[in-house]
Amino acid sequence: MGKIVYTIYIVLISIKIIGQAPLDFTIHTTSASNNITCTNPTVDYFLKSNNAESITYTWMGPIPTVTGYSISINVPGTYSIFATTPSGQSQFKSVIVGLDFVYPISNLNPIIQSISCNNFSLAQVTASSTGSGVNFSHRFLSPYGGSYVTNTPTTSYVPSVPGTYTHVLVNIDNGCETTKTFVVNASSGFPTFNVSSISNFTLGCGTFSTTNISITGAATSPTPGGAVSYTIISPQTSTNIVMGNLSSITNYSIIVPGNYTLVTRDNTSLCETRVPVSVIQNTTSPDLGVLVPTHILDCYKSQVKLEAFSFTNGVSIHWQWTGSSSGTLLGDYMSVNTNTQALNTVINVYTIVALNTQNQCKTATVIPMYQNLFKPNALINSPTNKLTCASPTIVLTNQSSSSIPPSSIFSNTLPVVSYWKSPLAQNFSLSSTFIADNSGYYTLEAIDQNNGCKSSTTIPIFNEKVYPMVNNPVVPPPFCINTISTSVFVYPIITQNSQNFSYSWTGPPGAILNSVNNASCSANALGIYSVIVTNTVNGCATMAQVIVANCYTGINENNFTSTSISVYPNPSTDIFTLDYNTLEKNTSIKIYNSLGMLVTDQTLNSSYNTLDLTGQANGIYTLLIIQENKNITSVKLVKR
């Protein structure tokens with residue numbers, strides 16, 4: 001029967017969904033190969049993926065369709081694995097499972113012999129195997145226990161006791177065995193006994209570095225009950241042993257591998273039974289692998305699951321770690337979390353130990369786990385923190401930087417981004433700059449894109465929009481000109497330090513102004529003069545007005561008579577009545593508040609007019625009566 005060899009082909013189709021990492025998975029097997037063999041009648045597979053979504057795996061092949069991330073296959077052929085996610089991603093891979101049942105062909109000669117106590121000479125039994133490119137192992141089983149093992153294509157074995165022997169030829173590559181027997185007949189009685197070993201005649205590691213071989217159930221033959229004695233012949237000693245009685249020791253500690261011979265002698269007939277056994281050494285350490293998604297945790301990923309695995313049968317895995325919280329854990333998995341209470345960058349150093357329970361041999365590997373929890377240096381750059389009329393907005397700039405040491409194992413090539421929140425906003429907005437246009441505290445939240453860690457800082461912005469106090473709360477009375485005094489200096493009333501103030505005057509049509517940029521201005525025409533007072537430090541400006549009246553021909557508030565003009569009631573809550581009999585109907589009336597702002601502008605249309613200040617604030621108002629620019633008279637109104 002020829003050896004069947006299969007080659008594995010893996011086909012990959014990937015569909016990428018925009019905005020998500022592409023779906024991917026890997027195929028793992030806990031079997032020695034992808035072939036079904038005598039040693040492994042099934043091939044066990046399991047699938048792994050780092051995709052965050054739940055994945056459905058569907059296996060299709062010679063066996064009925066199976067769903068799941070693991071499967072045991074006992075039928076050879078091509079198997080297709082379809083992976084799908086709820087978001088619609090999919091991927092396809094395939095694996096070929098082969099078949100290897102190559103049984104070895106053995107030859108034994110001779111298969112029948114006879115011995116007696118007087119004729120102890122037996123021919124060697126020759127065992128051979130056929131087949132090229134195959135690793136063979138010969139195992140001879142004595143009728144009394146124990147085995148003799150060689151790993152050569154051809155070997156020989158000298159039987160020493162009567163009984164039926166078993167020869168097993170093993171194809172080491174696939175574990176397939178061919179078994180035959182040969183017989184040794186005896187014409188006289190040989191002692192019988194059993195040979196056993198607590199570790200199956202195998203030396204291993206640790207507590208298994210020593211094995212015991214025991215002789216039990218010894219009895220004389222054909223008449224039981226006779227006295228017997230024992231000895232053991234090691235690989236380093238001669239096969240010639242002393243005459244007479246041997247030792248009474250039946251247990252032997254073995255620390256060196258090799259072929260040993262257990263001897264039991266009938267003390268009366270001196271017939272002895274010799275059983276060769278092979279003590280083999282199995283100090284092969286188990287294989288050990290560790291899946292580590294990342295060695296570095298940070299503010300993006302604060303937890304990771306480490307997985308240890310071994311394809312060696314009978315392996316126990318445990319984890320050890322030292323540091324501020326040392327401990328051990330038995331199992332395949334270890335969850336590692338960041339330690340926000342510690343400033344060090346090393347979370348722990350984990351030692352993973354795989355113990356082969358069959359020979360006590362170990363394999364260990366060390367996995368260091370680090371944490372990158374460096375918070376960024378949050379910094380706001382601002383040319384000033386004061387809002388003024390000259391600078392009604394301030395550009396705040398993110399100048400935050402990463403605090404990750406440049407010489408460390410952590411990457412720090414990405415920038416630190418900023419999120420802003422103003423005093424009036426509820427949520428943060430992402431931007432490298434931010435416009436501050438209101439007073440209050442502005443918050444910058446800095447996020448280091450290298451590790452996802454955050455820090456924040458605030459800056460206070462003050463409102464320095466202080467306007468000049470002009471004609472507030474006191475308004476200057478009307479300035480007078482007449483035929484004698486044809487010009488007058490007008491000025492506003494400023495109730496604060498005016499050291500850094502500038503002025504700009506404008507007048508009514510026909511007015512000739514002098515010193516328009518001074519605190520006082522020369523006026524030569526009747527009417528209303530306006531002045532803009534600017535604080536040169538912060539750029540804030542206030543406009544105010546003053547009145548120039550004809551105090552020689554006009555009626556002022558001191559010479560009104562009941563027969564010419566009257567205002568009543570004064571004070572009033574809202575409505576005033578202007579009663580007159582000497583004014584022309586094209587006369588205009590204007591009312592100014594205490595800030596010099598015009599609140600009413602109307603023309604007389606009868607012998608009396610209603611003045612309505614409803615909705616205006618309580619205070620002192622100035623009523624200005626202008627009669628074709630000839631007479632200007634002012635009256636104070638009090639609204640309460």
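## The largest nonpolar core

In this predicted model, the largest nonpolar core holds 29 residues. F182, F193, V195, I213, L262, V275 and V277 touch the most other members.

The largest share, three residues, comes from β24.

## Around V275

V275 is one of the core residues that touch the most other members. Leaving aside residues up to four places away in sequence, V275 touches S142, Y144, G145, S160 and V161, among others. Its partners also include F193, V195, Y260, T261 and L262.

## A second core

A separate core of 18 residues also exists. I481, F501, Y503 and V531 are among its members.

## Overall build

The protein has 53 strands and zero helices. Its radius of gyration is 55 Å, well over the 26 Å that the globule rule gives for 640 residues, so the protein is more spread out than a compact globule. Along the principal axes, the C-alpha atoms fill a box of roughly 175 × 50 × 40 Å.

Among contacts between residues at least 6 apart in sequence, 59% join residues at least 24 apart.

## Surface and charge

Of the 640 residues, 40% count as buried. The accessible surface comes to about 32,600 Å². Carbon and sulfur atoms account for 53% of that surface.

The protein carries 22 positive and 23 negative side chains. The centres of the two sets lie 3 Å apart.

Definitions and conventions:
Residues are numbered from 1 along each chain as its sequence is written. This is a predicted model: local features need pLDDT of at least 70, side-chain atom pairs count only at pLDDT 80 or more; totals for chains, interfaces and linings use all residues. Side-chain values use heavy atoms; hydrogens and water are left out. Helices (H or I, at least four residues) and strands (E, at least two) are DSSP runs, numbered from the N terminus. The radius of gyration is taken over C-alpha atoms; the globule rule is 2.2 Å times the number of residues to the power 0.38. Buried means under 20% relative accessible area, exposed over 50%, partly exposed in between (1.4 Å probe, protein chains only). Contact means heavy atoms within 4.5 Å. Accessible areas come from the Shrake-Rupley method with a 1.4 Å probe; for residues, only the protein chains shown count as cover. Lys and Arg count as positive and Asp and Glu as negative; His and the chain ends are not counted. The place of a charge is taken as NZ of Lys, CZ of Arg, CG of Asp or CD of Glu. A nonpolar core is a set of buried Ala, Val, Leu, Ile, Met, Phe, Trp, Tyr and Cys residues joined through side-chain atoms within 4.5 Å.
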